[in-house]
Amino acid sequence: MLCRPSLGIRLYSSLPATYYHPTIYALSTSLGQKSAIAVLRITGSHTKHIFQELTASTKTPIERRASLRNLYDNSQGKKNFLDSSLVLYFANPKSYTGEDMLELHLHGGRAVVKSVLKAIERMGNMQSGRVIRYALPGEFSQRAFQNGRMDLTQVEGVGELIDAETETQRRSAVSSMTGQNKQIFERWRATIVSNIAQLTAIIDFGDDAEIEDIDQILRAASLQMRALRKEVERFVRKVDRSAILQNGIKVAFLGSPNAGKSSLLNCITNDDTSIVSNIPGTTRDSIDVPLDINGFKVVLCDTAGIRDTTEDEIEQEGIKRAKAKASQSDLAIVVVDPLSEQILNPQLCEFVRTAIPHKQIIIVINKVDLVDDGTVTKIKKYLQTSFEEQFVITSTSCNTLEGIDYLVAQLSQRFETLSETTQDSDPITVSKRVQEILTNDILFGIDEFLRTCESGDVVMASENLNYAAEGIGKITGETVGIEEVLGIVFSRFCVGK
Ligand SMILES: Nc1nc2c(ncn2[C@@H]2O[C@H](COP(=O)(O)OP(=O)(O)OP(=O)(O)O)[C@@H](O)[C@H]2O)c(=O)[nH]1
């Protein structure tokens, strides 16, 4: 079909852009692992042919209806039964890739999967132009993008969703995958393009316009861009906060030797990850333990006990590393031994007060099974006064597990604050690529626009807005065409003008 859009002529066909590309197939479930079911996907213009060959029939598959079919290999001149499989067919353009697609739900044995893969491979025939090959990594999603089924943010969202290890990572990938981020970017883009159109109108047709009119248009554009800048900044801040979820929230365990840091870590992880012993100074180096706490990816770090004096060089190095770890962590748990002569030794006290920059600290009085309630209360009061009530102070016993659940609940609350995750507001994760474009292209373009706008340079102001809009285009994969800008300019003219 040939159609004439409002401006310019463009060839338009109902066939997807990748129609003449090879037909690709791949196992979507784990390769080389035995499973109950293995899902094999095929996409491209020869999908129907593959279906007919495999099912040894000339019938067209029924769209979007699962049916049980026997699969055969017909390459040796006879029907060789391979498997009985659930078959699902999606006709273009209403499929994941925008092309004809077939899903085979095979029995998951390695030999079954291998035989069907081999049969499909044999159907390729270069001479007759039937190019069929195994898919490259991400090629199904690439086709979806090429055929306009998804923009780049959604493609990246799918990748993040597959990589998600925890509940919050899953939630943060959803905003990209379901197109919520795309909608935000499209709204920003529409605002910018509409302002480019205003400026283009001044540049191209503004000879007769009054100076006051031009000033008014610039003022209005500047106002809108300032508001947009705030919104982009808010988005970037939220992305920054959410980024913590991808790498894991770093939690350092600090305290005097023998306070019970390793034991507490093991209680939280429910594992014997760290070496526990009653010899002070057992932990000589920092140990990282990644784990999922209430849906948050967390990296717990056990550190060497910090004490004032030690001649042991290895221990000194351990203390140095413990301090470095705590300074880099997002949250520190300071473990206190109630039986110790000094509740907090001066070196540790000073470090907690001054060297932990973020002040995200929870103080834990451990070993409460060895002391009475009165002592715990007294120590709590002492610590509250020492740290001017800046930190949450709680108590635990690694022997009776008293206070462990409460500590975990406290930690979860902190994780929500650190990542700005609430019941009503999901974190937002975008790729490093998108993060860079947000700052280097969009915010930069808007800032430059505001600067040039103030000096009244309409041409440069328009150029800078273009830069910001192209940044959004880089994120979503769409470019700003002159036709689009002129379309907006002319749409504001009255009919007949
Ligand atoms: N009764 C009791 N003993 C505990 C508790 N927590 C730890 N301990 C004991 O205290 C001793 C030291 O525990 P660790 O977990 O190795 O202490 P740490 O702070 O990691 O020690 P360093 O590696 O030397 O810094 C061990 O004998 C533990 O069994 C607790 O809550 N109650």
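**Helices and sheets, term by term**

Author: In this predicted model, helix 13 (residues 432-454) and helix 14 pack against each other at an angle of about 165°, and their axes are 8 Å apart.

Reader: What makes helix 13 and helix 14 roughly antiparallel to each other?

Author: Angles over 145 degrees count as roughly antiparallel. The angle here is about 165°, and helix 13 and helix 14 are therefore roughly antiparallel. Their crossing is left-handed.

Reader: Which residues of helix 13 and helix 14 meet?

Author: From helix 13, the residues that take part include Val-434, Ile-437, Ile-442 and Phe-449, and from helix 14 they include Ala-461, Leu-465, Ala-468 and Ile-472. Contact is called here when the C-beta atoms, placed from the backbone, lie within 7 Å.

Reader: How do you know that the span of helix 14 agrees with its number of residues?

Author: Helix 14 (residues 458-476) has 19 residues, and at 1.5 Å a residue they should span 27 Å; the end C-alpha atoms are 27 Å apart, which agrees. The expected span is 1.5 Å times one less than the number of residues. Helix 14 is followed by Gly-477, whose phi is positive, near 95°.

Reader: What makes residues of helix 14 count as buried?

Author: A residue is buried if 20 or more other C-beta atoms lie within 10 Å of its own. Among the buried residues of helix 14 are Val-458, Asn-464, Leu-465, Gly-471 and Ile-475.

Reader: Why are strand 10 and strand 14 said to stand at the edges?

Author: They belong to an open sheet of 6 strands in the order 10-11-9-12-13-14, with mixed pairing. Strand 10 (287-293) and strand 14 (392-395) each have a single partner strand, so one side of each is left without a neighbour in the sheet. From one strand to the next, the twist in this sheet averages 25°. Helix 12 (residues 404-419) packs on the sheet, and its direction makes about 155° with that of strand 14.

Reader: In which sense do strand 12 and strand 13 pair, parallel or antiparallel?

Author: Strand 12 (residues 331-336) and strand 13 (residues 361-365) pair in the parallel sense over 5 bridges. At least two bridges are needed for strands to pair. Within this pairing, Ile-333 stands opposite Ile-362 in strand 13.

Technical notes:
Residues numbered from 1 in each chain as written. Predicted model: local features only at pLDDT ≥ 70, side-chain atom pairs only at ≥ 80, totals over all residues. Helix = DSSP H or I, 4+ residues; strand = E, 2+ residues; numbered from the N terminus. Axes fitted to C-alpha atoms, helices over the stretch in contact; angles between N-to-C directions. Contact = placed C-beta atoms within 7 Å. Buried ≥ 20, exposed ≤ 12 C-beta atoms within 10 Å, placed from the backbone. Parallel < 35°, antiparallel > 145°, perpendicular 65-115°, else oblique. Left-handed = near helix turned anticlockwise from the far one by under 90°.
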